[in-house]
Amino acid sequence: MKRSFAFACLALITGSLVAQGPTTLSPPNPIIGVWKQNMEKSTYSPGPAPPRGVGSVRQYAAGQDGSIVAITFNVSVEGIPSLGAISAAHYDGKDYPQHTIATLATSLASHIGPRVERTISYKALNAYTVEITQKQDGKVVATSTRTVSRDGQTMTDRSDFGGDGQRVMNVLVFEKQ
């Protein structure tokens, strides 16, 4: 009697879960977290690389609507720091504003978004890889592929862009902090 009651309860619970359909819980995005560039493993072609010991730091966070919010701190070859910010980026291939320190400051001060000439789009290729396209005034200026390792500890960003008639192909390697 006790056994049949237990089976009846189990059947009722199982039936209830099946009727509800699959759950919408998905694994956390492996990009979420803080990443520091490993300059020893990164390559700059044709170069030069930023000053020795200085690399990029990136932080990715989950937005409330499932988007990814990214803040990047970069250093140029001349040693000049820059800040980048992308908010509400979904991996849907659509263009999203890419802020610099100037456009972000204007946006925060005015509480309205400034005209952003630079956009970025993300297209998920799989759970670990995303294709990225950056545009300036609607024209593609850079493409890259960002891959997070299966163990979630290494991120590799392979960039391809042209500037001043010169093609640049960089491979930046980051480690999760």
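Is threonine 129 buried or exposed? The points below answer this and describe the rest of the chain.

1. Basis of the note. This is a predicted model, in which local features need pLDDT of at least 70, side-chain atom pairs count only at pLDDT 80 or more, and totals for chains, interfaces and linings use all residues. Residues are numbered from 1 along each chain as its sequence is written, and side-chain values use heavy atoms, with hydrogens and water left out.

2. Threonine 129. This residue is buried, with a relative accessible area of 12%; buried means under 20% relative accessible area, exposed over 50%, and partly exposed in between (1.4 Å probe, protein chains only). Threonine 129 belongs to strand E8 (residues 129–136). Residues up to four places away in sequence aside, threonine 129 touches Lys123, Ala124, Thr145, Arg146 and Thr147, where contact means heavy atoms within 4.5 Å.

3. Overall fold. The protein chain has two helices and eleven strands, in the order α-β-β-β-β-β-β-α-β-β-β-β-β along the sequence. Helices (H or I, at least four residues) and strands (E, at least two) are DSSP runs, numbered from the N terminus. Of the 177 residues in the protein chain, 29% are buried. Among contacts between residues at least 6 apart in sequence, 36% join residues at least 24 apart.

4. Confidence. The mean pLDDT (the predictor's confidence in each residue, from 0 to 100) of the protein chain is 78, and 75% of its residues reach 70 or more. Confidence is highest in strand E1 (residues 33–37), at a mean of 96, and lowest in helix H1 (residues 2–20), at 37.

5. Apart from neighbours within four places in sequence, isoleucine 86 is in contact with Ile68, Val69, Ala70, Pro97, Gln98, Ile120 and Tyr122.

6. Largest pocket. The largest pocket has a volume of about 1300 Å³. It is lined by 43 residues, of which Asn74, Arg118, Gln134, Phe161 and Asn170 are the closest to its centre. On a 1 Å grid over the protein atoms alone, a pocket is an open set of points where a 1.4 Å probe fits, with protein on both sides within 12 Å along at least five of seven lines, and lining residues have an atom within 4 Å of a point. A volume is the space filled by probe spheres set on the points, which are joined across faces, edges and corners. The lining divides into 18 nonpolar, 19 polar and six charged residues; Ala, Val, Leu, Ile, Met, Phe, Trp, Tyr, Cys and Pro count as nonpolar, Asp, Glu, Lys and Arg as charged, and the others, Gly among them, as polar.

7. Loop between E2 and E3. Proline 46 lies in the loop between strand E2 (43–45) and strand E3 (57–62), and the peptide bond from serine 45 to proline 46 is cis, with omega near 15 degrees. Proline 48 is also found in the loop between E2 and E3 and is exposed, with a relative accessible area of 54%. The C-alpha atoms of proline 48 and valine 77 are 6.6 Å apart, although 29 residues separate them along the chain.
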